Amino acid sequence: MDNPPGNLSLRNACEAFLKERSQRATAGSEELCSLHSEKLKLFCLEDQIPVCAICQTSKKHENHKLLPVQEAAEEYKEKLRTALAPLQKKLKAFNEVKLICDQTAEHIKSQAQCTERQIKMEFEKLQQFLKDEEAARISALREEEEQKSQMMKEKIEKMTEEISSLSEQIRAIEQELGAEDVSFLQSYKDTVKKV
């Protein structure tokens, strides 16, 4: 069909919904009962829900204790405020402790950095001391080596001179030993003194 007929039931339901929505908008923040489209002026203490005047008389809320919405809201708000106070106090205490912890953490970090700098400085001093000590000991060792080498050199020179002198004496005595008997005996006295 080009033009199907309109659904009257659906149109009426839509209009009723739009009317109810506009009534809610004009009523401001006041909600309407979903069953009776009446203002929710009462609060059922047993079911813990707001109800309209018609709901109050229904069997669902028979013998239930009801309070005006404003009165119930004030009472429950006061209960929540009372329950909220210790939480706010605890939050404040937590924030104070967190602030102290933040400050302590910052102090620890600062202290660690300062200590790290001191450790580095002390180790630099220690390294410098060890380098100086190493240089001094090597210098002393070289000086000692030089002195001992000089002493040994002098001893070797002296021994070389003595060896040379002794070698000459031995050669001279050996020459005497090879001389004629008379000549040998004539120079014997001097040769023995030399020996």
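Trainee: Why is Ile119 called partly exposed?

Mentor: Its relative accessible area is 44%. Buried means under 20%, exposed means over 50%, and partly exposed is in between (1.4 Å probe, protein chains only). So Ile119, at 44%, is partly exposed. Before we go on, this is a predicted model: local features need pLDDT of at least 70, side-chain atom pairs count only at pLDDT 80 or more, and totals for chains, interfaces and linings use all residues. Residues are numbered from 1 along each chain as its sequence is written, and side-chain values use heavy atoms, with hydrogens and water left out.

Trainee: Where is the place of Ile119?

Mentor: Ile119 sits in helix α3, residues 69–177. Helices are DSSP runs of H or I with at least four residues, strands are runs of E with at least two, and both are numbered from the N terminus.

Trainee: What makes Ile119, Phe123, Leu126, Phe129 and Leu130 a patch?

Mentor: Patch members have over 30% relative accessible area and no salt bridge; nonpolar side chains (Val, Leu, Ile, Met, Phe, Trp, Tyr) are joined within 5 Å, like charges within 9 Å. These five form a nonpolar patch on the surface, with about 500 Å² of accessible area together. The area comes from the Shrake-Rupley method with a 1.4 Å probe, and for residues only the protein chains shown count as cover.

Trainee: What makes Arg81 and Glu78 a salt bridge?

Mentor: The rule asks for a side-chain nitrogen of Lys or Arg within 4 Å of a carboxyl oxygen of Asp or Glu. Arg81 and Glu78 meet at 3.5 Å, N to O. The pair therefore passes. Side chains of opposite charge can pair when their charged atoms come close.

Trainee: Why are Arg81 and Glu78 about one helical turn apart?

Mentor: Because they are three residues apart in helix α3. Arg81 is partly exposed at 45%, and Glu78 is partly exposed at 44%.

Trainee: How many salt bridges are there by this rule?

Mentor: The count is seven. Among them, Glu116 and Lys120 meet at 3.3 Å. Both lie in helix α3, four residues apart, about one turn. Glu116 is partly exposed at 42%, and so is Lys120 at 49%. Another is Lys148 with Glu144, at 2.8 Å. They too lie four residues apart in helix α3. Lys148 is partly exposed at 47%, and Glu144 is partly exposed at 38%.

Trainee: How do you know that Cys33 and Cys55 are too far for a bond?

Mentor: A disulfide is a pair of cysteine sulfur atoms within 2.5 Å. The sulfur of Cys33 is 3.6 Å from its closest cysteine sulfur, which is in Cys55. A search of the whole structure finds zero disulfides.

Trainee: Is Cys33 buried or exposed?

Mentor: Cys33 has 6% relative accessibility, so it counts as buried. Cys114, at 34%, counts as partly exposed.

Trainee: Why is Asn63 called exposed?

Mentor: Its relative accessible area is 73%, so Asn63 is exposed.
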